[in-house]
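Subject: Handover of a structure and findings

Dear colleague,

Please find below the structure that I am handing over to you, followed by a summary of what was found in it. I would be grateful if you could read the two side by side.

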Amino acid sequence: MPCVCATVVASADMTATSDVVDRQGDRALVCTIGFRQYGRRRVFEGPISTVRCHEDNVLVRRRVSEPGEGGVLVVDGGGSLRVALVGDIVAGLARDNGWAGVIIHGCVRDVAALQDLDVGIKALGSTPRPSGKNGAGDVDVPVTFGGVTFRPGDMLFSDDDGIVVVR
């Protein structure tokens with residue numbers, strides 16, 4: 001049965017995280033961090049791509065400017081609450097390029113605008129401070145936080161209950 005979340009209706013082929021855990025058992029890895037929802041799309045899933053960066057969003061912007069093909073970009077910002085790695089412009093690029101969602105182990109900004117964008121956005125929190133622009137970091141490498149190692153190509157499921165990864 002489709003999940004109705006706010007004004008967005010998930011398609012019938014979206015899978016609830018609780019169903020993934022029930023079906024996959026120990027194969028389902030559950031992220032232990034209570035991320036906040038920021039995007040309008042509250043239920044999303046797709047194959048993982050990753051960016052690891054610290055207080056610098058150049059690689060994040062570059063990655064979401066590429067075709068997302070329904071994937072989920074997992075950004076390991078080291079849990080920094082000092083600067084935002086995603087705002088309305090970067091999130092708009094993700095939406096426009098076909099990304100299902102972006103998970104940020106760090107912060108976002110432009111929260112009011114993010115709520116209107118039809119893309120999944122989860123982060124630790126928000127701050128008005130922008131990130132650096134040096135381009136430092138790594139793309140499509142395994143990243144670990146919340147008790148889960150997110151590997152490129154693994155499948156990620158996200159809804160209001162949390163985030164689940166299946167290899």
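A residue counts as buried when its relative accessible area is under 20%, as exposed when that area is over 50%, and as partly exposed in between. Please note also that this is a predicted model.

Gln-37 and its surroundings

Gln-37 is part of strand β4. Its relative accessibility is 18%, and because buried means under 20%, Gln-37 is classed as buried. Two polar contacts of its side chain may be of interest to you. In one, a polar atom of the Gln-37 side chain is 3.1 Å from the backbone oxygen of Arg-42. In the other, the side chains of Gln-37 and Asp-160 meet at 3.0 Å. If residues up to four places away in sequence are set aside, Gln-37 touches Arg-42, Ile-121, Lys-122, Asp-159 and Asp-160.

Val-164 and its surroundings

Val-164 belongs to strand β14, which covers residues 162-166. With a relative accessibility of 3%, Val-164 is likewise under the 20% limit and therefore buried. Which residues is Val-164 in contact with, leaving aside its neighbours within four places in sequence? They are Thr-17, Val-20, Val-21, Ala-28, Leu-29, Val-30, Met-155, Leu-156 and Phe-157. As for Thr-17, its C-alpha lies 6.1 Å from that of Val-164, although 147 residues separate the two in sequence.

Salt bridges

Side chains of opposite charge can pair when their charged atoms come close. With a cut-off of 4 Å between a side-chain nitrogen of Lys or Arg and a carboxyl oxygen of Asp or Glu, the count comes to 10 salt bridges. Three of them are described here.

Asp-118 pairs with Arg-40, and their closest N and O atoms are 3.9 Å apart. Asp-118 is partly exposed at 26% relative accessibility, and Arg-40 is partly exposed at 33%.

Arg-52 forms a salt bridge with Asp-138, with 3.5 Å between the closest N and O atoms. Here too the pair links distant parts of the chain, since Arg-52 is in strand β5 and Asp-138 in strand β10 (residues 138-139), 86 residues apart. Arg-52 has a relative accessibility of 33% and counts as partly exposed; Asp-138 is also partly exposed, with a relative accessible area of 33%.

Arg-109 forms a salt bridge with Asp-110, the closest N and O atoms lying 3.9 Å apart. The relative accessible area is 28% for Arg-109, which is partly exposed, and 31% for Asp-110, which is partly exposed as well.

The largest pocket

The largest pocket holds about 240 Å³ of space. Its lining consists of 15 residues, of which Asn-57, Arg-61, Val-90, Arg-109 and Lys-133 are the closest to its centre. At least two lining residues come from each of α2 (58-64), β7 (84-86) and α3 (88-96). By class, seven of the lining residues are nonpolar, three are polar and five are charged. Arg-109, one of the residues closest to the pocket centre, is also the partner of Asp-110 in the salt bridge described above.

With kind regards

Key:
Residues numbered from 1 in each chain as written. Predicted model: local features only at pLDDT ≥ 70, side-chain atom pairs only at ≥ 80, totals over all residues. Heavy atoms only, no water. 1 Å grid on protein atoms, 1.4 Å probe; cavity = no way out; pocket = protein on both sides within 12 Å on 5 of 7 lines; lining within 4 Å. Points joined across faces, edges and corners; volume = space filled by probe spheres on them. Helix = DSSP H or I, 4+ residues; strand = E, 2+ residues; numbered from the N terminus. Nonpolar A, V, L, I, M, F, W, Y, C, P; charged D, E, K, R; others polar. Buried < 20%, exposed > 50% of the residue type's maximum accessible area, 1.4 Å probe, protein only. Polar contact = N/O pair within 3.5 Å; in protein donor to acceptor, adjacent residues only side chain to side chain. Contact = heavy atoms within 4.5 Å.
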